[in-house]
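Please have the sequence and the model open.

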Amino acid sequence: MTTYTFQEDCRSQMKWFAENNIHFDALVTDPPYHIESIVKRFGKTKQSDNTKTSEAARNGSHQYARLSKNFMGQDWDAGKISFEVDTWKLAFDILKPGAYLLAFNDTRSYHKMAWAIEQAGFEVRDMLSWLYSTGFAKNHEQFNGQGTQLTPCQEVICMARKPFKGTIKNNILKHGTGAINIEPCRLESGRHPGNVIHDGSDDVLAVFNKYGDRIDRFFYSAKATKEEKEDYNNHPTVKPIALMRYLIQMVTSEGGVVLDPFMGSGSTGVAAVNAGYGFYGIEKSPEYHHIAVQRITKAIDAKKELGEKENVSGLW
């Protein structure tokens, strides 16, 4: 399968795809969440802000501090690109009829992104939850046992679909899109895939066991380990390859091509290569694009060692 990456603003690149009649079978992405607290916490640079994170922000050593100053050329919370209807309309125009879109977001801002996706013309079909136990509450001020935030224990994924004419069967025969791929995503227990995913941690398992629910009813994927991220990868929100592979398989026809307009450090691309799908990834940051190319190239090389062919001419 062909793999291409582009170091470019996703909006101009998606517009170029449309102008050149390039269409995709699915879109799977982890766009910016525009979390306001990151700027508030890591954007502090005054000497009077005498905290470890403020010191890291001043000297630029903290990864979130760097992002809060310059994410896609703007403040972390200023761009709002994933909340803009125009962003998703560009994606809408280059997806095949019936193609699915899966986009991550934070629980506090998911509704803004889902609204924009719907306004762009998509049908919002479901919301998936990825549960984990490694979050921590970012309460900046506490008094008398009170705080301002709950511990984050999930990220949510908007599942949307581009409308199509006629029946699902006819659309699948014509475009290969429109339905969820149940069989490749069946759980080890044989159960139908659900809209809850968990990280397999002891804490999450304990909650399920406490209420007598069987954990094998749900797919699980732990957060990305240091080994999986690679030593050179300093992206702060790396998604696990196993999770991205599961999501790709869920919504992409066999041999289809996946688009990720917010590629980051390339987990979606690695997952697509590993699973045998075509991949087009877009990343504006030169630093993260370079990291993504390294990770995807490594995945392609691993397939070559197994004797599988992969087109690498598009990696730049």
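**Helix burial and packing**

Helix α11 is mostly covered, with seven of its nine residues buried (under 20% relative accessible area; exposed is over 50% and partly exposed in between, with a 1.4 Å probe and protein chains only). The model is predicted: local features need pLDDT of at least 70, side-chain atom pairs count only at pLDDT 80 or more, and totals for chains, interfaces and linings use all residues. Residues are numbered from 1 along each chain as its sequence is written, and side-chain values use heavy atoms, without hydrogens and water.

Q: How many helices and strands are there in the chain?
A: Helices (H or I, at least four residues) and strands (E, at least two) are DSSP runs, numbered from the N terminus. On that basis the chain has 12 helices and 10 strands.

Q: Which residues of α11 are buried?
A: Seven of the nine residues in α11 are buried. They pack against β1 (2-7), β2 (24-29), α10 (241-251), β8 (257-260), β9 (278-283) and α12, where contact means heavy atoms within 4.5 Å. The buried residues are Ser-267, Thr-268, Gly-269, Val-270, Ala-271, Ala-272 and Val-273.

Q: Are α11 and α12 roughly parallel or roughly antiparallel to each other?
A: Axes are lines fitted to C-alpha atoms, for helices over the stretch in contact, and angles run from 0 to 180 degrees between N-to-C directions. The axes of α11 (residues 267-275) and α12 (residues 286-305) come within 8 Å and cross at roughly 10 degrees. Angles under 35 degrees count as roughly parallel, over 145 as roughly antiparallel, 65 to 115 as roughly perpendicular and the rest as oblique. The two helices, α11 and α12, are therefore roughly parallel.

Q: How do the residues of the contact of α11 with α12 divide?
A: From α11, Ser-267, Gly-269, Val-270, Val-273 and Asn-274 meet Arg-295, Ile-296, Ala-299, Ile-300 and Lys-303 in α12. Ala, Val, Leu, Ile, Met, Phe, Trp, Tyr, Cys and Pro count as nonpolar, Asp, Glu, Lys and Arg as charged, and the others, Gly among them, as polar. The division is five nonpolar, three polar and two charged.

Q: Which residues of α5 does α1 meet?
A: The axes of α1 (residues 10-19) and α5 (residues 85-93) come within 9 Å and cross at roughly 30 degrees. That angle makes α1 roughly parallel to α5. Arg-11, Met-14 and Lys-15 in α1 meet, in α5, Thr-87, Leu-90 and Ala-91.
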